[in-house]
Amino acid sequence: MKSPTVIVGAGPVGSLLACLLAQQGREVILYEKRTGLPEASMAIGITPPSLAILDTLGLKTAFLEQGILIPRARVFEAQRECGTLEFTPGQHILSLPQFQTLKLLRERLADYQEVTFLEGTAWEPSDTAAHPGRIIACDGAHSPLREHLGFVTRQKTYGANFVMADFPDLETLGPDARIWFSPEGALESFPLPGQHRRWIAQCVNAPPTLETLRTRVMETAKINLEGRPHSEPYAFTPRRLLAASCVKENVILCGDAAHIMSPIGGQGMNTGFADAAHLARILPEPSVRELTNYTRDRRRAFRTASRRVALGMALGTRTGPAWSHTRHTLLQSALASPGTHQFLADTFSMKNLPPEFSLRARESELMDQPDCDPEKLARTLDQFHQINRLFSRVRPLLRETVLTDMQPGQAYHLVDLGAGACDIPVWLLEAARKRGLDLRITAVDADPRAVSYAKERHGRTPGLDIRAGDALNLEALAPFDYLFANHFLHHLPDDAVRQLLADAARLARRGFVFSDLRRSRWSYTGFSLFARIYRNSFARQDGLISIRKGFLPSDFPDTASTFSIRTRLPGRIQFLGGCFQDGTPR
């Protein structure tokens, strides 16, 4: 019997991880030494990647209903507006106090019988060695578990001092974030639910007190906070901490126990959410390779995020007239440049952190969204025809397999799954005709828009049956001799991929050929640079998502004798079954 996973610390990160594991049917014991919910609002920013994680628990709607989406940030320098940083859909940051985030997670936690929540019970670090299963340290920045086991860390404290507190928004500043830079230091203000705002002031030659905060807001934003009710003021000096490894013995560090960065903007909590999402996919019995990848990937993401935070603080907290003048020029130019504007928006929303390639991504492509722009969708399908010709190497693969296996005088039926614009089936029918081969193709796609587009272009092609339908229901498409798919498998979750491979091996009378993307940093970087030529479409963004959703041979350690896997340049992975299992027809 497997031992339950122990999670120490039921803050937002620990509670999220417990929910993610319980959703998979994993037994969890969750320890929390405190009782009740914290009253302080603490971290308030929830980024789009974190909302996507919450969406897997069915919580996105509840978070959106209780929080406030920030549509833009207005930036000032010495009372002069430098410009506005606009967040497009998919970049909006949700403002929600941490205690409300925790409340929603705890409510979802109560839905899972798999979780034993020991509230008001501290985990004793001395009990760690005796526990037979994994222990996840989500016990915060001063992690007793981390200190007990002697994890090696590197720490740095930054020079700036800040104070923050939440006040009623009597000026109705709305949902915009506002950032003031000045010779006297930085001041930031973010919207909160219930017509409140958070104010954060840099304290230069002044103590980090409530009075200093009020004074800075009055001098810089011309808003008088005197006499207003407020939350408990919180003074802090940003610091950075990073564990050299996230794993030691049976303990795995997660969230602030593994890394700490500036609390401004809630990036620490969001990085912790990404830690939890990664761990949920490899627990309860991760391999050595998976644990090594966890440490590497999470350290890389933290280093990138913390470097950006540090750079922002270095530029934003410099004082004096000379720095103020230089900063105004830089900010005005950056916000006016479309490329820099996009980069800054993605940076604030944490959408451009280094992607992980040790695990498949789970986000959906934009063109798969039912409400996506139809003109962009049509343009994307046209562009993917060019991309297939340049990179997919499908034609040589089909010549080597299907066309070589077919014999004159016999009739064959091929099913193309996720056929999209049908450019490949049209080419294959023509190639078979030139060889004197009798082939008919059923092209199936679940998206009626893609089917309509394909029928408009190729609906009269002899031997081609284009239809909308469930491409995973192979029984309904049988009988067929060959099964083919290009760039289809990566749209499926892991269990559906394995089921499809098993069904293909059982139902394809001759064999199957699936060509897809091999995820790698090289493929991602190369396509990112190349695809900049594609404008006003989903080709570049969806192509990058698709690469992250691609496969590695190591994803299939238990590959059965029913199919083989091989990789090809550029960035290809091929699944061959039946008579093609050894790479050539037999």
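This is a predicted model: local features need pLDDT of at least 70, side-chain atom pairs count only at pLDDT 80 or more; totals for chains, interfaces and linings use all residues.
**Exercise 1.** Which exposed residues does the face of H17 turned away from its buried side carry?

*Solution.* Step one is to list the buried residues of helix H17 (residues 521-530), which are Ser523, Phe527 and Ser528. Step two is to look at their directions: they cover an arc of only 125° around the axis, which puts them on the same side of H17. Step three is to turn to the face that points away from this buried side, where the exposed residues Trp522 and Leu529 are found.

**Exercise 2.** Find which strands stand at the edges of the open sheet of three strands, and explain why one side of each is left without a neighbour.

*Solution.* First, write down the order of the strands, which is S3-S7-S4, with antiparallel pairing. Next, note that strand S3 (45-46) and strand S4 (68-70) each have a single partner strand, so they stand at the edges and one side of each lacks a neighbour in the sheet.

**Exercise 3.** Describe the surroundings of leucine 17 in the largest nonpolar core.

*Solution.* Start with the core, which has 58 residues, and in which Leu17 is one of those that touch the most other members. Helix H1 (residues 12-23) gives the largest share of this core, eight residues. Then, leaving aside neighbours within four places in sequence, list the contacts of leucine 17, which are Ile7, Ile136, Cys138, Ala276, Leu279 and Ala280.

Methods:
Residues are numbered from 1 along each chain as its sequence is written. Side-chain values use heavy atoms; hydrogens and water are left out. A nonpolar core is a set of buried Ala, Val, Leu, Ile, Met, Phe, Trp, Tyr and Cys residues joined through side-chain atoms within 4.5 Å. Buried means under 20% relative accessible area, exposed over 50%, partly exposed in between (1.4 Å probe, protein chains only). Helices (H or I, at least four residues) and strands (E, at least two) are DSSP runs, numbered from the N terminus. Contact means heavy atoms within 4.5 Å. The arc is that of the directions from the helix axis to the C-beta atoms. Two strands pair if DSSP finds at least two bridges between them.
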